[in-house]
Number of protein chains: 4
Amino acid sequence: MSIAVIYGSTRQNGNTEQLTEKVIKGLDIEKIFLRDFTIQPIEDLRHTEAGFVDVDDDYNKLVERMMKHDTFIFATPIYWYSMSGTMKNFIDRWSQTMRDEKFPDFKKQLGKKKAYVIAVGGDNPSIKGLPLIQQFNYIFEFMGISFDGYVLGKAKRPGDISEDAVAISAAEELNKKIK
Amino acid sequence: MSIAVIYGSTRQNGNTEQLTEKVIKGLDIEKIFLRDFTIQPIEDLRHTEAGFVDVDDDYNKLVERMMKHDTFIFATPIYWYSMSGTMKNFIDRWSQTMRDEKFPDFKKQLGKKKAYVIAVGGDNPSIKGLPLIQQFNYIFEFMGISFDGYVLGKAKRPGDISEDAVAISAAEELNKKIK
Amino acid sequence: MSIAVIYGSTRQNGNTEQLTEKVIKGLDIEKIFLRDFTIQPIEDLRHTEAGFVDVDDDYNKLVERMMKHDTFIFATPIYWYSMSGTMKNFIDRWSQTMRDEKFPDFKKQLGKKKAYVIAVGGDNPSIKGLPLIQQFNYIFEFMGISFDGYVLGKAKRPGDISEDAVAISAAEELNKKIK
Amino acid sequence: MSIAVIYGSTRQNGNTEQLTEKVIKGLDIEKIFLRDFTIQPIEDLRHTEAGFVDVDDDYNKLVERMMKHDTFIFATPIYWYSMSGTMKNFIDRWSQTMRDEKFPDFKKQLGKKKAYVIAVGGDNPSIKGLPLIQQFNYIFEFMGISFDGYVLGKAKRPGDISEDAVAISAAEELNKKIK
């Protein structure tokens with residue numbers, strides 16, 4: 001098993017990363033920090049004659065890195081009750097990749113992957129983070145990705161996550177499960 | 001009453017726009033097409049000493065245009081079971097605006113606004129679009145915006161929305177209600 | 001097409017029934033008022049050696065009446081953000097019927113049915129009624145029932161539903177669709 | 001602190017009870033097994049002149065027992081993606097108690113309580129149990145009850161819950177938190 005962690009946060013070493021560290025401790029991991037790359041929003045050209053056109057940004061190479069692994073961890077702060085716009089733009093582009101001959105069988109390959117979600121928010125995430133989990137569930141379901149677990153953590157200020165004992169424990173338990 | 005429609009779609013005159021036309025027929029509207037502008041993803045600097053720094057893009061002037069109105073219609077295609085990444089980046093930046101002295105009382109002013117959501121998707125939107133509605137509900141609730149209605153439409157190919165009689169009728173009913 | 005309406009309300013001619021009248025106008029309908037019958041809560045005996053035992057109440061004959069039809073409308077007031085306990089007890093018992101040799105192929109037969117949901121509540125039903133819709137969706141999905149539409153109406157006092165123009169219109173639209 | 005556990009299950013010592021044992025270990029508890037009592041479905045008489053009439057069943061004394069405590073744990077198997085009909089009937093009746101002069105200030109008193117939810121299901125409860133959690137959240141929010149945590153466990157056959165290490169760990173963590 002090899003694991004890609006896709007980070008949607010914009011702060012370095014923030015609460016989301018700290019909680020994710022508990023999940024990935026001792027595991028073979030490739031970290032992909034989306035904030036370090038340029039990802040254009042998708043332009044929906046599905047219905048034009050020419051179809052999608054290549055975009056000159058970092059997206060394709062990020063997908064290549066991700067697809068080398070069989071397990072994904074999506075780690076995102078909860079911005080406005082969903083994943084960060086940065087991560088959303090990354091996932092939106094999957095619609096293009098599904099039609100990109102440079103990535104044949106993209107959906108079919110995703111159908112063999114497993115995924116986990118780590119999300120940290122400040123406003124009652126164990127309740128108000130549930131639509132985000134339901135959204136990820138539909139995304140994974142569409143792609144055939146097996147959704148094997150999630151942790152919702154609560155934190156407002158830097159370091160707060162260490163006080164969410166329930167989330168820390170759930171993250172450690174997920175670590176055991178993944179191992 | 002004056003109304004801003006904030007469009008999250010990337011295709012011109014797509015299904016979302018067509019359904020929105022039914023809602024806004026005969027109303028005084030300012031249309032804001034997010035796709036025509038550059039909106040950087042938020043960089044979370046809430047916890048740095050200096051705080052947020054000005055971003056050289058079109059976001060601020062879009063907020064200014066929006067805030068002139070007392071009613072907002074968020075019109076977005078459903079991309080991966082949520083709003084488009086373009087719209088998400090726009091909303092993510094509100095976290096910065098809440099701390100921007102160029103927009104004093106941003107949250108307080110939003111607390112006097114009303115909002116509607118129009119969302120169109122291809123994959124069972126009346127069920128799989130519900131997390132999106134719940135997410136918008138939490139966004140509006142946080143800001144104190146009154147969430148006065150929504151329409152979920154179904155469409156895959158250009159023009160399909162005209163076949164969703166239930167959504168068309170709901171849009172027309174919303175039009176009467178707004179008037 | 002023939003239709004069974006299963007009513008979960010306890011008041012006669014209440015808002016839920018009034019809204020449902022818009023949906024069923026001119027249609028061939030059998031009305032099943034659960035409140036007029038005795039339905040015991042399920043006793044989970046799946047894992048005992050003997051299995052379920054026959055229950056001396058009205059449940060079985062209600063299922064028989066329901067199963068004669070190919071389309072179901074579940075019409076329930078929203079009590080505490082879900083269907084009424086009366087309707088819940090009725091559905092809970094399906095777990096027994098799935099193992100009852102008097103109803104061979106119960107699940108298989110349900111897999112050929114269509115269903116609609118009409119639900120009326122007083123506390124922001126277009127948002128707080130969504131978990132109920134998601135719950136019905138999972139019920140129908142499990143059984144293979146096609147979930148073809150729903151209407152959420154708002155009403156507190158008797159007759160209030162007539163003021164929810166959006167719900168009335170949606171109910172009338174559903175009527176056209178079913179026809 | 002004193003705690004009432006309200007059990008919605010119908011099987012003795014089933015998975016829900018076993019998981020709840022982890023949560024309540026070493027705590028001062030009163031156990032209320034709803035299955036041992038008769039609870040009539042509510043009859044909605046809010047809008048009649050005479051109002052609700054006394055019901056000759058065990059409900060009132062169960063409420064009295066519950067209200068002696070400051071913390072509630074609702075422990076229910078997930079039947080058809082929600083609480084059992086037995087528990088739903090119990091909660092439905094709260095609408096009557098809110099208008100019952102034998103329970104003055106019922107809602108006000110509930111507003112000082114805390115609650116937890118333990119729910120166990122067989123069909124992907126960490127996703128398909130979320131509408132149930134959202135429903136409980138709305139119930140508690142309406143009453144002003146503080147919703148302090150929940151555990152969703154997975155189990156089909158008797159004893160299966162012991163294999164859900166993530167749920168067991170979450171239950172143990174909740175036990176520490178409550179203490």
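Modeller: Gladly; we will take the interface, then a helix. This is a predicted model, where local features need pLDDT of at least 70, side-chain atom pairs count only at pLDDT 80 or more, and totals for chains, interfaces and linings use all residues. Residues are numbered from 1 along each chain as its sequence is written, chains are lettered from A and ligands numbered from 1 in the order in which they are written, and side-chain values use heavy atoms, with hydrogens and water left out.

Biologist: How much area do chain B and chain A bury between them?

Modeller: Interface size is often given as the accessible area lost when the parts come together. Here that is about 3000 Å², 63% of it on carbon and sulfur atoms (accessible area by a 1.4 Å probe, summed over both parts). On the chain B side, H47(B), W80(B) and Y138(B) lose the most area to chain A, together 26% of what that side buries.

Biologist: How many salt bridges are there between chain B and chain A?

Modeller: A salt bridge puts a side-chain nitrogen of Lys or Arg within 4 Å of a carboxyl oxygen of Asp or Glu. The count is two, and one salt bridge joins D44(A) and R11(B) at 3.6 Å, N to O.

Biologist: And which residues of helix 8 of chain B are buried?

Modeller: Buried means under 20% relative accessible area (1.4 Å probe, protein chains only). Helices are DSSP runs of H or I, at least four residues, numbered from the N terminus. In helix 8 of chain B, the buried residues include A167(B), I168(B), A171(B), L174(B) and I178(B). Among the elements covering the buried residues of this helix are strand 5 (146-154) of chain B and helix 8 (165-178) of chain C.

Notes:
Buried area = accessible area lost by both parts, 1.4 Å probe. Buried < 20%, exposed > 50% of the residue type's maximum accessible area, 1.4 Å probe, protein only. Helix = DSSP H or I, 4+ residues; strand = E, 2+ residues; numbered from the N terminus. Contact = heavy atoms within 4.5 Å.
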